[in-house]
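Try each one before you read its solution.

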Amino acid sequence: MASLTVRKLDDDLKARLRVRAARNGRSVEDEVRTILREAGEDAGPPPAPDVAAGPAVPSVAPRITLIIGGGIAAYKALDLIRRLKERGPEVRVILTRAAQQFVTPLAASALAHTPCHTDLFDPRSEFDAGHIRLARGCDLVVVAPATADLMAKMANGLADDLASAVLLATDRPVLLAPAMNPAMWTNAATRRNVARLKQDGVHLVGPSAGEMAEANEAGVGRMSEPTEIALAAMTLLKPAATPLKGRRVLITAGPTHEPIDPVRYIANRSSGKQGFAIAAAAARAGAEVTLVSGPVGLADPADVNVVRVESAREMLAKVEAALPADAAIFAAAVADWRVAGAAAQKIKKTVDGLPDLKLAENPDILATIAKRGEGRPRLVVGFAAETENLIAHARAKLMRKGCDWIVANDVSPASGVMGGDRNVIHILMRDSEEVESWPAMSKQEVADRLVARIAQSLQ
Ligand code: C5P
């Protein structure tokens, strides 16, 4: 009989279970029992239901060599060991010297259930070139946190300690989860190293924007969360079907910020989550993806070329620069208006009244691209986020903008879609009167299904 560990279910399923259990006044365990019992009654003797199976564990566990670099985010790497192991892989850990200032080899070994490695010249493992085993006897090398120093060494082929020697010797895919102070991340040397590493085929997840461990510091440089890194690792271990291989896909996401003066701007509540999820799904499906995003606090999805912009006009310029594309998906919530002639200096509050702000219309990026003659992507998909008369407004938008599909979603505050993790969408197509409505699902699932539909239509 299969056993069920609720802790091992994915986060979305756990969250749904908790909500369902609370609604029915049951414990989560009782709720699972009820679901299983009902499934049994409905279907007669069933095969073991999915929830009982837990995460798919390959018969021969894949092996990951995890290199923990020396940064404060190293404490999250301990959790990453668990998040990786609960998905099936065996994890062997290497700690750099600097990493041992933040976490101990004992903690890493206890979590990995195997002694971790720290020394290039360790006689217990180097009698037969153990660093080569660590480098090649695995299916994937993950570096988390990938410090500026480790990345600089990698980019230049240095190998003066166990971690860098393994990284130089490996012929397996390498996934980096960078973490550093924003000033180090934006430094020209790091930019050069990142570009070179990407060119060398190294995969990156993150960093994301947010607060730093340093007091009062924020910006891009936070290491991605362990679950995000684990997801990226699992994707690299089990490459999904790649129906978009050889295709170029362009995606816009997030809000735009329209400056009023150097410190103020007009914006909206878009989180960018749906657009980022579509970009990640398209990359997993094998596409070459460019994601042009307004200001959001989300990490770069793995293997996506992310172009960050502020305003609608910048977004249009970067979208045009990213063409040609086979498909373009416009999920951004572009501000309709900008302030005409934004002030060069901060507008001062005066006693004699309010500032006289004049608005100007922003370019409609979707319509501009959809109505292009030459260089129009074969499939142009727009989004219609509406708070009322969803389908009627979406149909009108489909016609007005000249796109092929509109993905319509209800973003009224009661729907919880804006900023939330779930979405209910309806697809309208130019050459069909029908509306394809999907049940409520996570933005991730919407992304996967949408990408599958897009791949189908490009065939
Ligand atoms: O804002 P609106 O409801 O018109 O947005 C519908 C679609 O048009 C979305 O796909 C959005 O990304 C796109 N859009 C755009 N440029 C604008 C306004 C909207 O690309 N200026």
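**Exercise 1.** In the loop between which two strands is aspartate 303 found? Work out, too, whether aspartate 303 is buried or exposed.

*Solution.* A word on the model: it's predicted, so local features need pLDDT of at least 70 and side-chain atom pairs count only at pLDDT 80 or more, while totals for chains, interfaces and linings use all residues. Residues are numbered from 1 along each chain as its sequence is written.

Step 1: aspartate 303 sits in the loop between strand S11 (288-293) and strand S12 (304-308). Strands (E, at least two residues) and helices (H or I, at least four) are DSSP runs, numbered from the N terminus.

Step 2: count neighbours. Buried means 20 or more other C-beta atoms within 10 Å of a residue's own, exposed means 12 or fewer, and partly exposed is in between, with C-beta atoms placed from the backbone. Aspartate 303 has 22, so it's buried.

Step 3: check the backbone. Most residues other than glycine have a negative phi. Aspartate 303 has a positive one, near 60 degrees.

**Exercise 2.** Now treat histidine 113 likewise: is it buried or exposed?

*Solution.* Step 1: find histidine 113 in the loop between helix H5 (105-112) and helix H6 (123-126).

Step 1: with 10 other C-beta atoms within 10 Å, histidine 113 is exposed.

Step 2: its phi is positive, about 65 degrees, though it's not a glycine.
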